Amino acid sequence: MEAGKHNANQLVTEEEERAIAEKLPAIFREFSQERTNLLPILQRIQETFKFLSPGAMRAVANYIGISTSEVYGVATFYNQFRFHPPGRHEIKVCMGTACHVKGGDIILENFERKLGIKEGETTPDREYSIERVACVGCCALAPVAVVDDKVIGYMQPSKVEGLFLQFEIQRKIREGQIKAEAS
């Protein structure tokens, strides 16, 4: 995701902020309150929650004793940080040299068109998010997409439609299981 990129429709709910706030003290205990720990603390929060919420950044600022704008400034400097919750299914399209040459940008466009969102965004229902990544290290399989940590090599635009068909089938199975458990 580009630094600072944000979709206003994907605000963090108060319930999510409360859940994050409850777990932050355990993370803070791993680090001293020194300014040099700012980046490791942000990385640990990102690792735990998969994004940095506004409340988490305020809590980090209070813990270290610096301003929230300083925390935000550091976090937005690095591409590794995400500022909104990721989708249930995370889609990463490789744009390394080999993937770019073999049509990675076309694959990315197909995902964006199918979902109606741009890279760095999450669908309003938080089902899917798309990211452009520099290189996933599978150049021999180019073009590559990583879907929910599964590497899919030799990606073709036609495979995009097949992936969403699989997701739809899985969703219907889940919903059927939930209804069966409820009755």
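The bend at a residue is the angle between axes fitted to the seven residues ending there and the seven starting there. The model is predicted, so local features need pLDDT of at least 70, side-chain atom pairs count only at pLDDT 80 or more, and totals for chains, interfaces and linings use all residues. Residues are numbered from 1 along each chain as its sequence is written, and side-chain values use heavy atoms, with hydrogens and water left out.

Let us start with the overall picture. The protein chain holds seven helices and four strands, where helices (H or I, at least four residues) and strands (E, at least two) are DSSP runs numbered from the N terminus. Along the sequence these elements follow the order α-α-α-α-β-α-α-β-β-β-α. The C-alpha trace spans about 50 × 50 × 30 Å along its principal axes. Of the 183 residues, 44% count as buried; here buried means under 20% relative accessible area, exposed over 50%, and partly exposed in between (1.4 Å probe, protein chains only). With contact meaning heavy atoms within 4.5 Å, 65% of the contacts between residues at least 6 apart in sequence join residues at least 24 apart.

Helix α1 comes next. A bend of about 30° occurs in α1 at glutamate 22, and proline 25 follows within four residues. Glu17, Ile20, Leu24, Ile27 and Phe28 are the buried residues of α1. Their cover includes α2 (38-49) and α3 (54-64). An α-helix has 3.6 residues a turn, so residues three or four places apart point the same way.

Helix α6 (residues 104-115) can be read in a similar manner. Its 12 residues should span 16 Å at 1.5 Å a residue, and its end C-alpha atoms lie 17 Å apart, which agrees. Buried in α6 are Gly104, Ile107, Leu108, Asn110, Phe111, Glu112 and Leu115. Among the elements covering these residues are β1 (89-94), α5 (97-101), β2 (128-133), β3 (145-147) and α7 (157-182). Just after α6, glycine 116 adopts a positive phi of about 75°.

Helix α7 also contains glutamate 161. This glutamate 161 counts as partly exposed because its relative accessibility is 46%.

Methods:
Expected span 1.5 Å × (residues − 1).
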